[in-house]
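Please open the structure and keep it beside you as you read.

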Amino acid sequence: MQLETTINGNTVTLDFAAGEFLSETLRRYGYLSVKEGCDTGSCGLCTVWLDGKPTLSCSTLTARMQGHEITTIEALAGEAEEFARFLVAEGAEQCGFCAPGFAMTVLAMKRELKEPTVTSINHYLAGNLCRCSGYKGQMRAIVKYLGVK
Amino acid sequence: MLEIENIIFPESLGDALATVETDPGAVVLGGCGYLRLGSRKIATAVDLSKLGLDTITETEHSYEIGAMVSLRTLETDSCINVFASGALVRAVENIVGIQLRTCVTLGGSVAGRYPFSDPITALLAIDAQLVFQGAGRISLQDYLTGKGLRDILVKIILPKDERVAAFTSMRKSTTDYAVLNCAVARVGTDFRVVVGSRPSRAIRVEAAEKHLAANGLTRETAEQAGLLAAENLSFGDNPRGSGEYRRKICPVLVKRALIEVLDAA
Amino acid sequence: MDYVGRKIPKIDGIGLVKGTPAYTSDLSINNNALIVKILRSPHASARITSIDTSKALAMPGVECVLTYKDVPQTPFTLAGQSYPEPSPYDRRILEDVVRYVGDEVAIVAAGDEPTAIRALAAIKVVYEVLTPVLDVESALDNEVLVHTAQPHTNFDVGCDASRNIAAAHSLEFGDVEAELARSEVVVEQTYRTQAQAHAMMETYRASTSFDVQGRLQVMTSTQIPYHVRRHLSHILGIAKSKIKILKPRVGGGFGGKQTASVEIFPAIVTMKTGKPAQLVYTRQETFSCTTSRHAMILTVRIGADRDGTIRVVDIHTLSDTGAYGEHAPTVFWVVGQKTLPLYSSVCRYHGHAVYTNKAPGGALRGYGATQGTFALESAVNELAEKLGMDPAELRLKNLIREGDSHEALSGSVAGAPEVLASSTLHRCIERGMELIDWKKKYPGKNLAPHIKRGYGMAVTMQGSGISKIDTGSVTIKLNEDGFFTLSHAASDMGQGSDTMLCQIAAEILEVEMEHIIVASFDLDTLPYDPGAYASSGAYVTGRAAVIAAEQMVQQMREAAARLLKLSPAEVDYENGMFTGPGEVQMSLSNLATTLCSFAGMDQLVSKGTYGGETSPPPFMAGFAEVEVDLETGESRVVDYVAVVDCGTVLNENLARIQVEGGIVMGIGLGLYEEVRYSSSGRLATNSFMEYKIPSRQDIGEIRVAFEESHEPTGPYGAKSIGEVVCNTPAPAITEAIYNATGVRCRSLPVTAEKILLHLGN
């Protein structure tokens, strides 16, 4: 199949099998920040933005992407680096494999939550698993990054 | 691995229904949250995303939730957050994570009649009605107890009333499926008591509802209703818990939900 | 320069967060590799009576289909351990026998994934289904054998396949039975731990090809690149010099990638086809077909006097190693090694690691110490109750102290027990008591009629490297304009060893860390290291880095002296500048440029090699505050206090994250991570939907404090931290739950159901 969609602001024509999921397509087209961790929609590693909303690219059929706007962390380099500095200052990125999907969710959260609290942050990020950090260092980074009181 | 031979994007609900009725290999796509689980071959995937079913509409007497409205949209909708004490929001907000909830749809959850579903339990307590393209309007309760339909679910209708409701669940970890879930509602002097994930499908507990209607809602009757629910329902084993455990926590979840309703007054 | 002890970010951190391609699958994407898939056994035990691959082979796009008939039959172990490995050589690439659900039956390689998957379905296998051994308690001396032939072992580990024994061990100091008979109070209890999964986020994967010199190039997500090379050389029958290993960034390991679970499959495909191949395990394969923490049944007996003096500790263990014995002997030994030194000079450790027809056990952070700590510390908590003593006081009274010796401490030889050179464990306990307000809050309180809080504690020790065996090296090269390349193969998997080694070198070389490039990718260019396991990075390779950096400073001073026509003793080195008597000066960059040129003609390369005579134990005291809902049985760790003695803290941030990550893994072991098998031996908990690692919403407060000791043999006084951190949560939590509910759960994990169904019994 073929369709036209927007990835990171560029119009792209994608060629794919009907049953292909977006995470596979994106990696095939070189958006290697997109990781896959689980096969069951449980881990959040594959998070990209679909029309600005954090979405599991592993559970989204590429066939549905006609006319949509997909954003990966490659398009948010400056913003991602700003958050990354807070995260690495805590040592909380560790193996880093979950980090791009996690950062995409954090950056979406920054746009969406008006007055974030520790509770609402934890709820927003519950779908992002991490086995290395124990989550607390990630929270310290976010609290500083967002200026949560 | 998922294999799809053909994916179609019908331009109208009529076309979609025609495909489902005539093509035995047709599968309607919801949010695709479970699509990749296991290995599956789909001859014709029917995508409803071009039919405008992704909006929540408020009418004089109801809220109409399009079948393709995502759980995340539902969760962040200001009306749904208030309607029926926000019980429907309580029922979806702990399902895995927001990324998954952005994908999966209320229509998919309802049409699939998943026994572990949290929203179905809440919707039963809200007296939700379903509108199918072919079969027209039927109650959620009838749909759950019926044989299932080869049809297109168009929308879920929530009757607007002064309903106070609550949703409770027991989970082994926050983002897990519920071991048992419960939703209750008070509509005037009437009550709804629903228990789901037993592990079989959600069901209303008439004995408990009648007891509450007859005696009113107090802390005592809340407890009694819980015990009635445990006595009148069957519970089974599945990997998330034993029937014995479910029977033990059923009164607790029912009581806690009812007390939430009582305290909301 | 003052780099040691500081909170320095990891040198690869920003790049990783921004999604820079860095992992195996990112770097191997463009070589049109064949996609490798494995056909797996649906039976827990079976013999293959016929296998027909003709239909699969005939499919367009299928490049090769390999069965046991097509592959070398050399026996081996996949455990990543220094040679001679203690693990039995009980595996072959493929066999005509399958020993667990998921065991490999055939290897398929095709041009794309859908074709490879369809080819799997086209292979016709006829099995003679055999009765499996699924229950660990009846495995020993069962008439059904998991392995009918006795596997080769490099030395005696007690392996006896005719009794389903993978390893056996018995170690006794003093007369345990006599001491138990003399004890006024004896506690005897049996504890069970489950086969916890590593659940690293990046599943197992490797990519292979032939390089331009015809060498087998293997890029793999591994903790053990040197052991992988040795294994492949042994299994495939090719010289180590013909194998090139590349280790990119690793997306988590936790000991899983201390076993070479996948490399052999794409490697043999490349050997057979001459073509690049890649294998990426699904999450389901990662759960079902690799390794996990050995499930164990541990019986502890502790004898004490009424005044709380612990006289004797006896631990008997039955370890379930599953179908293969990767790490079976060593994990089994470590249970005793990391528990016996704690309380009593009279002590014993004994039992068996047995084969069953289940997924193999293996290395997982804690490596037996986790299981041993759960059992011993739970028993100590039960003893405290029996004695009517505060469990913290009981520990303070009995625990080994700095300066004490114990025959079970690593480094001991017969008649010369090792002395514990560094420990602040008593201070860790006292500090933890203060932080959690133990004296006021223990054992528990009611928050509401049905909501209770309970408190519990536990202590633990681990090791730092494997003494007298594992030896790591670091080389440092001075580059032509004054920056350095530090090369090592300690295999950073996210914990930050690349950064920590760079910190150490920068401290000694007195340059900015940016002036030291860390090379850890291409094994051809790296000095030997066993890899990232046994908590060895900071202690073993860190010490090697100290030696290499000091040697580099010495070499530079000598070279500067030669160029300045002074004696080395006359040359001082400080912050990138060499100075001699009077105004004589030479900058580091000037020196480097000169040495690389005709004028200097002396490329400087230094080396450091270190292996510990001992394996100094880090210690930790953990305190749990757990809230239990008595109506549902639900429990939640609302606060966890961890006080750690890891010697000198080399990098406070990275150390803290190790502690927090380890505690959450321990909380998972204690409360959430349930392992279920079907009655036919299929692992049911094979996805993140069914196997629940803690999410951030499941975790309450975690408070970490360090009580530094100074380990005389460690770099800057450091010991290890990676593993010790995951041992205390399970016993501390179960004790807290007991203090809240009166229910003792001696079997992990403690689910709400277990608590509720036992309440009031």
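Predicted model: local features only at pLDDT ≥ 70, side-chain atom pairs only at ≥ 80, totals over all residues.

Residues are numbered from 1 along each chain as its sequence is written, while chains are lettered from A and ligands numbered from 1 in the order in which they are written.

**Exercise 1.** Find the order of the 4 strands in the open sheet of chain C, then see what packs on the sheet.

*Step 1.* The order is β24-β23-β22-β28, with mixed pairing. Strands are DSSP runs of E with at least two residues, helices are runs of H or I with at least four, and both are numbered from the N terminus; two strands pair if DSSP finds at least two bridges between them.

*Step 2.* β24 (516–519) and β28 (605–611) of chain C are at the edges with a single partner strand each, so one side of each lacks a neighbour in the sheet.

*Step 3.* β22 (471–478) and β23 (484–487) of chain C pair in the antiparallel sense over 4 bridges. In this part of chain C, C:Leu478 stands opposite C:Phe484.

*Step 4.* Helix α15 (537–564) of chain C packs on the sheet and touches β22, β23 and β28 of chain C. Contact here means C-beta atoms, placed from the backbone, within 7 Å.

**Exercise 2.** Which residues does C:Ala505 touch, not counting those up to four places away in sequence?

*Solution.* They are C:Ile476, C:Phe484, C:Leu486, C:Ile516, C:Ala545 and C:Ala549.

**Exercise 3.** Describe the contact between chain A and chain C.

*Step 1.* Chain A and chain C give 43 residues each.

*Step 2.* On the chain A side, α2 (77–89), α3 (99–112), α4 (118–124) and α5 (136–146) each supply at least two residues. Of the elements on this side, α2(A) gives the most, with 8 residues.

**Exercise 4.** How is chain B divided, and how do domain 1 and domain 2 of chain B meet?

*Step 1.* The domains of chain B are domain 1 (2–47), domain 2 (56–159) and domain 3 (163–264), with bounds from an automatic or database domain assignment.

*Step 2.* The C-alpha centres of domain 1 and domain 2 of chain B are 20 Å apart.

*Step 3.* 10 residues of domain 1 of chain B are in contact with 14 residues of domain 2 of chain B. Helix α1 (13–22) of chain B brings the largest share of the domain 1 side, 5 residues.

Technical notes:
Contact = placed C-beta atoms within 7 Å. Axes fitted to C-alpha atoms, helices over the stretch in contact; angles between N-to-C directions.
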